[in-house]
Amino acid sequence: MKNLKKQDLNLPQYPISRINERLYSFVSSSGCIYHCYFFDFATAFSDYPELAPKVFGFNLELHFKPDDPITVPLDKRIAATVTTIVKAFLHEKENAVVYICDNSDNREKARYHKFTNWFKLYNDGSIIQLKRIVRAGNTNILNALLVHKDNPLLNDFIEAYEILTGSYTKPDDDELNNILNDDGW
Amino acid sequence: MYLVVQFIYMQKPLQPSFEKRSAQYFEQKAKQATGKEKLLVALEMSKYLSAAREQGLSFEELEKAGFKFATVPDIKN
């Protein structure tokens, strides 16, 4: 990733088709067709009724792969295309996105590193990304939160996400009283 | 003949059977879950949606089953 040349970052995205009001699609130069959509993620944020309707999961699916695809090593245009789609969705500064890596084929680590690096490389600074690896049951859940930096609920989304992923403990009432009554630093 | 059949069987492992679910199924699971377990339910739902679409279920059919999706904005290429 460090060896990426500056001009690589300027590679154009693939043309994005809005198939219907729920679905985007794009075709890579190898002939693969990808589908992207955002689904309701409210159940995970049910403790935060103000935030829950504004949190969406993001699925990127390989819809079609040719029998004999043209090999394109490290196709950076896919990265540019996917980040464009997510940035467009977050542009209204209303919603947040959680990307949760599919572990069905044990390739969740590759997906996690790929996706989160795409956002490192193609982020113009407008999107805040938090990455977490969470252990629940016997499963490692690799996921990331994405929010526009000017989203008025940014801090609330981050706090809720950190509590959900176990990386933040909300102070209890006693702790809050101590903090509020402490006049020193 | 037996060998041929066995070879085919080895080449194409059985696909796990797809069972239709409703959004309510995941909502109930999430209600019972606490903390990080809620993410586990979200992961399961995300995988279910991909599997359902692979099985040919449309967004309309998934919405009838209670799933919700965002309306995506137009993107100028």
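A:Asn106 is exposed, with 8 other C-beta atoms within 10 Å. That residue sits in the loop between β5 and α3 (108-121) of chain A. The model is predicted.

- A:Asn106 is not a glycine, yet its phi is positive, at about 60°.
- A:Asn106 counts as exposed because 12 or fewer other C-beta atoms lie within 10 Å of its own; the number is 8.
- A:Lys93 also has a positive phi of about 60°, and A:Lys93 is not a glycine either.
- A:Lys93 is partly exposed, because it has 14 C-beta neighbours inside 10 Å.

**Length of α3(A)**

- The helix α3(A) has 14 residues.
- From first C-alpha to last, α3(A) reaches 20 Å, close to the 20 Å expected at 1.5 Å a residue.

- The buried residues of α3(A) are A:Glu108, A:Tyr112, A:Phe115, A:Trp118 and A:Phe119.
- Seen down the axis of α3(A), these buried residues fall within an arc of 135°, so they line one face of the helix.
- An α-helix has 3.6 residues a turn, so residues three or four places apart point the same way.
- A:Ala110 and A:Lys120 are exposed on the other side of α3(A).

**Packing partners**

- The buried residues of α3(A) pack against the helix α2 and the strands β5, β6 (127-136) and β7 (139-148) of chain A.

Key: Residues numbered from 1 in each chain as written. Chains lettered and ligands numbered in written order. Predicted model: local features only at pLDDT ≥ 70, side-chain atom pairs only at ≥ 80, totals over all residues. Buried ≥ 20, exposed ≤ 12 C-beta atoms within 10 Å, placed from the backbone. Helix = DSSP H or I, 4+ residues; strand = E, 2+ residues; numbered from the N terminus. Expected span 1.5 Å × (residues − 1). Arc of directions from axis to C-beta. Contact = placed C-beta atoms within 7 Å.
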